[in-house]
Amino acid sequence: MATKVYELIAPCHFGLEAVLKKEILDLGYEIAAVEDGKVTFYGDAEAICQANIFLRTTERILLKVGEFTATTFEELFQGTKALPWEEFIPADGKFWVKKANSIRSKLFSPSDIQSIMKKAMVDRIRQACNVNVLPESGASYPVRVSLYRDRVTVALDTTGESLHKRGYRRLVSRAPIEETLAAALILLMPWNKDRILVDPFCGSGTFCIEAAMMAAGIAPGMKRSFLSQSWENLIPQKCWNDAFEEAREQVDDTVTVDIQGYDIDGEVIRSARANAELAGVGHLIHFQQRPVSALSHPKKYGFLITNPPYGERLEEKKDLPVLYRQFGERFRMLDTWSAYVITSYENVEADMGRKADRNRKIYNGMMKTYYYQFLGPKPPKRRADDDTAR
């Protein structure tokens, strides 16, 4: 029997689509489309398991049911009813439209879209299964729908709780950065596990933990569960078992790394240590209570990556120029290092005393931020690397 191939949609932060595309290609799947905030690719039931467990930079994996154009609620009803729901949802499946969003479309009321689509789905599944009443007592099949310029894209959510919830961050500092975003920003750097990585404003420890997980080959989803594990009509249990087993086999927690996180708040450092232990990488990270004014490192050619205070509260804004000036001064003393800074604070370059070599606009939720990249010199190649021919 031929393996069923689906279109799978992986949403991500705006501006980071290329990072996610590379991750999907590295997993071995074919890309269908790259659009603002999402990458669509082709894959089977095994791909759903692999993508949920191994992808570091997507928020969730959606299984596309279909798409159509609708400018009226009648067209929405008929378009939804025309989709082959019985191929995805069993007669006892529990289903609802969990989320609807609409951009530049004539239909824009989420609650109306949700209720009309639910009625159409009920009609279709009742007729297909030849029953009067649907018990909805089985596994859950939440639907997500997006309308863009009147084009309706309908998908089932295979993930459940967002993939940024790896299961390790029980304790958070104020304004934490999401795990998926932190992973994407690390993947944008030329860092690898042989190079030093320091976060001078580490907060909950997310950058350090995500980097340590990469270094140790720990798949981001290996310690959590997914909604579609109960979809026995679509995904054989063996697919999940094999994917989790593959994830376990890839772990190397004996790896040697130099990853450090500093924060001025001792309570925050204790939280970061606890989070790292939960992630299984506590032994790979050195956390220390230290102000940015004391930032230093004896080694050369390291990387700073950080999410400094933005000044979310008005009373904090006055402290930001001094904070970023101190950061800039200490960074200049690390004269062979590179620094990667994500922030919405607008005077970063002026206060740090250096223009960024690169700058990338990224939306952190609804907040527009910039990823400033201050590049240091490349380390000299080892002699063995040059000695390629004899």
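Which residues touch the most other members of the largest nonpolar core? In this predicted model, they are W85, L156, L185, V281 and I285, within a core of 101 residues. Helix α6, spanning residues 206-215, supplies the largest share of this core, namely eight residues. Contacts of L185, one of the residues named above, were examined with its neighbours within four places in sequence left aside. On that basis, L185 is in contact with L16, I177, F207, I305, I342, I362 and Y371. Another core lies apart from the largest one and comprises 22 residues, including L320, F331, M352 and F374.

The model also contains an open sheet built from seven strands with mixed pairing. The strand order across this sheet is β2-β3-β1-β4-β7-β6-β5. At its edges are β2 (30-35) and β5 (94-103), each of which pairs on one side only. From one strand to the next, the twist averages 30 degrees.

Strand β1 comprises residues 6-11 and strand β4 residues 62-69, and the two pair in the antiparallel sense over two bridges. L63 in β4 is the bridge partner of L8.

A helix is also placed against part of this sheet: α4, formed by residues 110-129, lies across β5, β6 (140-148) and β7 (151-157).

How values were computed. Residues numbered from 1 in each chain as written. Predicted model: local features only at pLDDT ≥ 70, side-chain atom pairs only at ≥ 80, totals over all residues. Heavy atoms only, no water. Pairing = 2+ DSSP bridges. Helix = DSSP H or I, 4+ residues; strand = E, 2+ residues; numbered from the N terminus. Axes fitted to C-alpha atoms, helices over the stretch in contact; angles between N-to-C directions. Contact = heavy atoms within 4.5 Å. Core = buried A, V, L, I, M, F, W, Y, C linked by side-chain atoms within 4.5 Å. Buried < 20%, exposed > 50% of the residue type's maximum accessible area, 1.4 Å probe, protein only.
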